[in-house]
Protein chains: 2
Amino acid sequence: MLRLYDFLPSGNGYKVRLLLSQLGIPFERVELNILKGETRTPEFLSKNPNGRIPLLETQPGQFLAESNAILFYLSEGSQFLPNDHFLRSKVLQWLFFEQYSHEPYIATSRFWISILGKSAEYRDALEQKRELGYAALTVMEKHLGSHTFFVDERYTIADIALFAYTHVAHEGGFNLTEFPAINTWLERVKLQPLHIGMT
Amino acid sequence: MLRLYDFLPSGNGYKVRLLLSQLGIPFERVELNILKGETRTPEFLSKNPNGRIPLLETQPGQFLAESNAILFYLSEGSQFLPNDHFLRSKVLQWLFFEQYSHEPYIATSRFWISILGKSAEYRDALEQKRELGYAALTVMEKHLGSHTFFVDERYTIADIALFAYTHVAHEGGFNLTEFPAINTWLERVKLQPLHIGMT
């Protein structure tokens, strides 16, 4: 059985849980508290030298890290990943957008404010994160203004990856009121069969 | 013919140029100076709403953004991307590692110091970047201590992606003296057929 090393409040972990639910694949979840350094122990570092969750143990002793690489691995052959190579590359385009232009601002703001509870300590850094987070949301809003989903007008792992932290962006201090297309898309994603919430 | 929107000092652009060279695929290069806002014009934003290079025009009016998605797109069916799905996913794991844990620290430090020439203005931010950049290099060093390349003991797009900014890490103030396995790997990458330099 697949084993997922995970941390429940993590949006990166949630991406994988959501896809596994929608694929109907059973898995064992191992909770590690990143706030207590449980991903920086010698034992865990022997599994993932980068010391991060989520980490998927695909078979005993074989590990795959990086949430979006895990989504790609699990969705092969399913409705959630196009077969066409250009469309598949477009899915990856949005996955890289998510990790480079979205997650570092929207997820990190949420982590500081709602998980660590340290918005005062991080006030200046949050200001910088805010501008770049809104820039990412603006790119999404523009795209979703004329598309139902991110790629090929159907629900793929690109939507799963971008949904994870966008639907809790308010926990990072982002106001989505001015993003109507994003709000419509969030509701569309929640209506997909076998959708599950974050925790 | 493929058209690449590019900026010569960009390591992300260089990744694509290097792969195209090694694939022997001719392409037209369109230079845009990001320092002069040439990727933020309405015309360019209509091609890539995220306003970044590299951007590949795969056929007239069809665009693919994100350097590592472009590497994936171009390497399909070549020796630079494994066919095996797990190995392919491991390549993606390293590509996401590069964009999330490596590029934001090592490439951004280089940008501030060697391209903008503003190391004094960014002194505090560079200090933070330094620690996380060395953490990424340490993960690479550990892996390369027992592997010739990042995946499957052969040269893939994972090596191309990680080579791009690692081989100019000194331009961002990083000292690679303590990373012997990385240095050996850098030389190994440079010896690959049809290798080209950055500029």
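Two strands are said to pair if DSSP finds at least two bridges between them, and in the predicted model considered here this criterion gives, in chain B, an open sheet of four strands whose order is 2-1-3-4 and whose pairing is mixed. In general, the strands of a sheet pair through backbone hydrogen bonds, either parallel or antiparallel. At the edges of the sheet in chain B stand strand 2 (27-31) and strand 4 (62-65), and because each of them has a single partner strand, one side of each is left without a neighbour in the sheet. From one strand to the next, the twist averages 25°. The pairing of strand 3 (residues 55-59) of chain B with strand 4 of chain B is antiparallel and extends over four bridges; within this part of the sheet, B:Leu56 is found opposite B:Leu64, a residue of strand 4 of chain B.

In chain A, attention may be drawn to one residue of a helix. A:Arg17 belongs to helix 1 (residues 11-23) of chain A, and this residue counts as buried because 21 C-beta neighbours lie inside 10 Å, where the cut-off for a buried residue is 20 or more. Although 182 residues separate A:Arg17 from A:Thr199 in sequence, the C-alpha atoms of these two residues are 9.8 Å apart in space.

The two chains also touch one another, with 26 residues of chain A in contact with 26 residues of chain B. On the side of chain A that touches chain B, at least two residues each are supplied by strand 4 (62-65), helix 3 (67-75), helix 4 (85-115) and helix 5 (123-144) of chain A, and it is helix 4 of chain A that gives the most, with twelve residues. When the residues on this side of chain A are sorted by class, 13 are nonpolar, nine are polar and four are charged.

The arrangement of the two chains can be described further by superposition. In general, two copies of a chain are related by a rotation about an axis and a shift along it. Here, chain A is superposed on chain B by a rotation of 180° with 0.0 Å of shift along the axis, the RMSD being 0.0 Å, and this is therefore the relation of a two-fold axis. The C-alpha of chain A that lies nearest the axis belongs to A:Tyr100, at 3.0 Å from it. Both copies are served by the same surface, since 100% of the contact residues of chain A recur in chain B.

Note on methods: Residues numbered from 1 in each chain as written. Chains lettered and ligands numbered in written order. Predicted model: local features only at pLDDT ≥ 70, side-chain atom pairs only at ≥ 80, totals over all residues. Buried ≥ 20, exposed ≤ 12 C-beta atoms within 10 Å, placed from the backbone. Axes fitted to C-alpha atoms, helices over the stretch in contact; angles between N-to-C directions. Contact = placed C-beta atoms within 7 Å. Nonpolar A, V, L, I, M, F, W, Y, C, P; charged D, E, K, R; others polar. Least-squares fit on C-alpha atoms with pLDDT ≥ 70 in both.
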